[in-house]
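Student: I have a structure to look at, and I'd like to learn how to read some of its features. Can we go through a few together?

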Amino acid sequence: MHLIPTQRNAVISPADRAVVLIAEELSPATVEALGPDFEVRHCDGVDREVLLAAIADVDAILVRSATKVDAEALAAARRLRVVARAGVGLDNVDVRAATMAGVMVVNAPTSNIVSAAELAVALMLAAARHVSPAHAALRNGEWKRARYTGIELYEKTVGVVGLGRIGVLVAQRLAAFGMNVIAYDPYVQAGRAAQVGVRLVDLDTLLAESDFMSVHLPRTPETIGLIGADQLAVAKPGLVLVNAARGGIVDEAALYDALKNGQIAAAGLDVFATEPCTDSPLFELENVVATPHLGASTAEAQEKAGISVARSVRLALSGELVPDAVNVQGGVIAEDVRPGIPLTEKLGRIFTGVAGEVAQQIDVEVRGEITENDVKVLELAALKGVFTDVIEDAVSYVNAPLLAAERGTAVRLVTETESPDHRNLITIRGTLADGSQVSVSGTLVGINQRERLVEVNGYDIDLEPTDHLAFFAYHDRPGMVGTVGQILGAAGVNIAGMQVSRNAKGGEALVALSVDSVIPAEVLTDIESAMSAHSARTIDLV
């Protein structure tokens with residue numbers, strides 16, 4: 001349950017009205033949804049000096065994407081209890097700093113999904129029918145019907161990359177055009193895809209079969225550059241590509257080359273690796289239609305976002321359940337349980353990273369003295385971690401169980417008072433589609449409750465779960481530790497910690513690493529090849 005922290009004056013009273021600061025232009029419906037119980041103030045959140053002065057004595061702040069609520073702003077906010085982002089993305093809100101300060105962060109995760117899906121379809125149609133260059137030519141007094149002959153969507157194959165909520169909406173809308181819809185998403189079960197009339201394929205198959213492709217993935221270290229020169233080179237000739245998700249997933253330089261040489265017929269782009277983007281070689285090409293990140297820019301989406309976060313602010317300042325909270329707070333959570341929440345969320349992310357897919361069955365096992373308290377929140381934290389890096393939309397402690405249900409993942413919380421090796425132990429154990437098992441375990445040690453990763457897939461380790469982790473499973477033999485160190489050293493990647501564990505001398509072994517920076521994909525491949533590793537995984541928790 002998401003309750004506002006008691007240390008920040010948890011519940012308002014009629015005699016002492018809470019102050020809500022609106023730092024950007026929001027729809028009138030937002031103020032109406034707040035109701036008469038609050039003092040509402042306004043400021044220009046883009047003006048830094050104005051923001052820092054205005055935020056000092058308010059209980060809640062409502063922003064869109066331009067106002068930066070970072071550590072400096074949070075430090076200036078002496079009584080702030082809620083940061084509400086009227087939209088989906090949280091790039092302008094320092095969620096970690098807010099959590100450390102005891103400030104709840106809420107957003108509107110479903111407010112723009114229809115608008116984003118409709119824009120993706122609009123870009124696809126515009127690219128297929130050369131709408132942008134034909135319009136420009138006509139405005140220049142040129143009537144060029146033959147030059148701008150397009151192609152129909154009807155009976156073509158469209159590949160949807162990422163089958164989250166927006167991806168599903170796009171698939172449904174394009175199916176209505178009479179298209180054959182296929183999708184790539186390693187974290188969605190085939191049965192779930194079949195329910196929405198979509199056939200799951202791998203990425204190479206999607207590229208080879210698709211006449212049109214629409215990207216709907218979150219931007220993560222794993223997805224940046226996912227569609228690069230190699231992928232575009234093997235794409236079906238004449239492919240029309242649309243990216244209305246996040247910039248950087250499609251390599252813009254590679255896309256430019258593919259459009260220039262005719263391998264890719266056309267592209268529709270709403271997002272770019274660096275924004276705002278007003279000067280790109282892509283804009284010189286007639287077969288590109290581009291918009292300035294307009295996915296959520298509809299009156300309906302803005303109104304829904306404003307109303308949604310206004311309701312969340314009301315609930316939060318009243319000490320009630322907040323469905324769209326993205327960080328957990330609360331007086332109802334036992335003090336002994338709270339330190340385990342961030343650890344469990346990290347374990348969930350590590351679990352999915354090691355598994356490489358979403359499990360069909362997940363057990364969240366909690367052992368030790370901590371089980372004398374209500375630990376249901378740890379199940380939610382585990383699920384939030386499991387889905388954080390694979391879902392396009394924001395994952396919260398409330399929507400995580402719904403995401404699990406949508407993907408056919410059964411979840412069970414198991415508690416046991418006995419914990420032989422640790423005072424408290426949290427394990428996430430899951431069964432994958434092929435029947436194999438994956439597990440990760442962690443604990444908190446010492447007076448400072450330091451986080452430790454103590455088990456991965458049955459191998460005992462003792463490693464701090466830092467921002468950058470790597471795991472290599474291989475057949476035990478001499479020289480492998482040196483090989484890993486040599487390749488990472490040559491790549492300029494510093495090892496912060498290393499653990500080697502094995503089931504028997506000369507048997508199967510695991511190298512677990514914490515490193516200071518991201519391990520490049522080519523370096524990971526080199527290590528995997530040099531070790532003849534059964535699996536090689538990197539997990540970035542930043």
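Predicted model: local features only at pLDDT ≥ 70, side-chain atom pairs only at ≥ 80, totals over all residues.

Student: Which residues does Val484 touch, not counting residues up to four places away in sequence?

Tutor: Leaving out those sequence neighbours, Val484 touches Met498, Leu513, Ile527 and Met531. Val484 itself lies in helix 16, residues 480-490. Helices (H or I, at least four residues) and strands (E, at least two) are DSSP runs, numbered from the N terminus.

Student: Is Val484 buried or exposed?

Tutor: Buried means under 20% relative accessible area, exposed over 50%, and partly exposed in between, using a 1.4 Å probe and protein chains only. Val484 has 0% relative accessibility, so it counts as buried.

Student: Where does Thr427 lie, and what polar contact does its side chain make?

Tutor: A polar contact is a pair of N or O atoms within 3.5 Å; within protein, one must be able to donate a hydrogen and the other to accept it, and residues adjacent in sequence count only if both atoms are side-chain atoms. Thr427 lies in strand 15, residues 424-431, and its side chain makes such a contact with the side chain of Ser441, at 2.7 Å. Thr427 is buried too, with a relative accessible area of 3%. Beyond four places in sequence, the residues that Thr427 touches include Asp363, Glu365 and Val440.

Student: How do I read an aromatic pair?

Tutor: You describe two aromatic rings by the distance of the centres and the angle of the planes. Rings of Phe, Tyr and Trp (its six-membered ring) pair if their centres lie within 6.5 Å; planes under 30 degrees apart count as stacked, over 60 as edge-to-face and the rest as tilted. By this rule, the count here is 1 aromatic pair. Phe272 and Phe283 form that edge-to-face pair, 5.5 Å centre to centre with 90° between the planes.

Student: What does the pair tie together?

Tutor: Both Phe272 and Phe283 lie in the loop between strand 11 (264-269) and strand 12 (288-290), so the pair ties together parts that are 11 residues apart in sequence. Phe272 counts as buried at 5% relative accessibility, whereas Phe283, at 35%, counts as partly exposed.

Note on methods
Residues numbered from 1 in each chain as written. Heavy atoms only, no water. Contact = heavy atoms within 4.5 Å.
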